[in-house]
Amino acid sequence: MYGRDPWGGPLEINTADSATDDDRSRNLNDLDRAALSRPLDETQQSWLLGPTEQKKKKYVDLGCIIVSRKIFVWTVGTLVAAALLAGFITLIVKTVPRHHPKTPPPDNYTIALHKALKFFNAQKSGKLPKHNNVSWRGNSGLQDGKGETGSFYKDLVGGYYDAGDAIKFNFPMAYAMTMLSWSVIEYSAKYEAAGELTHVKELIKWGTDYFLKTFNSTADSIDDLVSQVGSGNTDDGNTDPNDHYCWMRPEDMDYKRPVTTCNGGCSDLAAEMAAALASASIVFKDNKEYSKKLVHGAKVVYQFGRTRRGRYSAGTAESSKFYNSSMYWDEFIWGGAWMYYATGNVTYLNLITQPTMAKHAGAFWGGPYYGVFSWDNKLAGAQLLLSRLRLFLSPGYPYEEILRTFHNQTSIVMCSYLPIFNKFNRTNGGLIELNHGAPQPLQYSVNAAFLATLYSDYLDAADTPGWYCGPNFYSTSVLRDFARSQIDYILGKNPRKMSYVVGFGTKYPRHVHHRGASIPKNKVKYNCKGGWKWRDSKKPNPNTIEGAMVAGPDKRDGYRDVRMNYNYTEPTLAGNAGLVAALVALSGEEEATGKIDKNTIFSAVPPLFPTPPPPPAPWKP
């Protein structure tokens, strides 16, 4: 074996195990003496002399690496100096007084959002939670639905009072819960930024918990459904104590509250309740057990509505005087769309994309109220909801044709909101008259503001800068400008310089048509007629029902703050739900807290693989 001689030249190494020290010594004496007389370089000398005569090392062994002593000293010195400098700077920063930049105040939409949500706390029926945060409200309606022998319901405690009275109308209540859920699904980041996400989800659950009591939600099919608790019939001079004849705090009600049920012909109500439960199941998708319960209830009640055809308010139903439904086809599409998003079952999508369904719902009618989204007409909302499917998932054949139609109709509705098209009149102050000058206009304008903002956000998320109205192209910013103009009007930018949301600003309605707000909490229980003195009083309400959006001004921007004129001063669940949705959609724009949530609504929707179109008919010569 040959090794490298450290001084040059080959060196034969005898590796035999039998070699002895004497052998090695003799071999060393036999080496060429001249080799030892050559001058040695510094490295060789240090190797031979050993540690006692070694020069000062120029390198530092750090174990894993060997570095130059000079570099090592410079590095350590630099680190020590940097540490001292950093410590000095930190000391200065901590001792010198600091001026924190002020957090920008929340925008008006966010401020109004906090208040508008609080209105729902004031409308709660049942045993109130400790954190309800409305000092003048207490437990009420604790006997609703109890003691009815042979009924399919056990108790109907809970839910929300509809407006200034104490009736629980399931139809507008379900619509209100659907609107709140839709706004949470689209804008959960904005709710969270405003600190209201937990609150609004609790409000939705308060409603859906009640709905699950109004039918046998654990069964696979049902034959009955509750449509109303309480009565308000005062026709023909009826003086029986009820929720309209009496003027009492909800906590003091001592009269009978009848339960109205429907065992056939309530398709609109059933489909709207299915929409409320299905949309809420998406809101609560992280609570799998509760979400599953909501989905099951939605399936059962939607099927009930499809099987038992008819309007819930037809005939002599008392609801026709207050919440008369014009048809049920729009609810079929609206509820079916939410059922599809909640379950991913294409059966619902196949149903609601049938051209005959759209035709029955009035998708091709036009007319003076086309595009007016409300508790009664869900078509505009349903078309936008399904346009979302086309924009982001593009399912293709066989759905593309009807989805494209819905998308085109949505574009037409958005065009109708613009002043240039004169589809709807406006007051001199700028409020759009979607109900053509009839009373209580604000509930319709807030819905339009929500749809316009949401559609603009859909287009932005789809990287589409705008849409066409005939040959003219309009930017999405035009829609947001329209929405802001309507909400700003409601918040005080109007000829009367008055906010129509109670508690917002300094000038707002003080005589709201509301029983609980108008009677002081003074430990005195006023009977049915005893509360009339508060109803007829000229004094402002002793309790501020914060966040309530009143019915609104007339077509001349006039407003009368009179308690008994409900066309001006009464708030409703449906109206406030639209207000909340519009406010959260417009809120936080300066902080850029995010637009819509593109994906959550599709959580249950499986990947869509478009079915190829059928082959052409065989050619015949």
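Reader: What makes the sheet in this predicted model an open one, and in which order do its strands run?

Author: Three strands make up the open sheet, in the order β5-β6-β7, with antiparallel pairing. β5 (168–169) and β7 (259–262) are the edge strands: each has a single partner strand, so one side of each has no neighbour in the sheet.

Reader: How do you know that β5 and β6 pair?

Author: Two strands count as paired at two bridges or more. β5 and β6 (residues 225–229) have two bridges, in the antiparallel sense, so they pass that cut-off. In that pairing, Phe169 sits opposite Gln228 in β6.

Reader: Why is Asp165 called buried?

Author: The cut-off for buried is under 20% relative accessible area. Asp165 comes in at 9% relative accessibility, so it counts as buried. You'll find Asp165 in the loop between α5 (108–122) and β5.

Reader: And why is Glu570 called buried?

Author: Its relative accessible area is 15%, and buried means under 20%, so Glu570 qualifies. Glu570 belongs to the loop between α19 (566–569) and α20 (573–586).

Reader: What makes Asp165 and Glu570 a contact?

Author: Contact needs heavy atoms within 4.5 Å, and Asp165 touches Glu570, along with Asp243, His244 and Arg515, leaving aside residues up to four places away in sequence. The UniProt annotation "active site" covers both, plus His513 and Asp561. Of these residues, Asp165 is included in the lining of the largest cavity.

Reader: Which backbone atom does the side chain of Glu570 reach?

Author: The backbone nitrogen of Gly164, at 3.0 Å. The limit for a polar contact is 3.5 Å, so this pair is within it.

Methods
Residues numbered from 1 in each chain as written. Predicted model: local features only at pLDDT ≥ 70, side-chain atom pairs only at ≥ 80, totals over all residues. Heavy atoms only, no water. Helix = DSSP H or I, 4+ residues; strand = E, 2+ residues; numbered from the N terminus. UniProt positions renumbered as here; feature names shortened; annotations may be inferred. 1 Å grid on protein atoms, 1.4 Å probe; cavity = no way out; pocket = protein on both sides within 12 Å on 5 of 7 lines; lining within 4 Å. Buried < 20%, exposed > 50% of the residue type's maximum accessible area, 1.4 Å probe, protein only. Polar contact = N/O pair within 3.5 Å; in protein donor to acceptor, adjacent residues only side chain to side chain.
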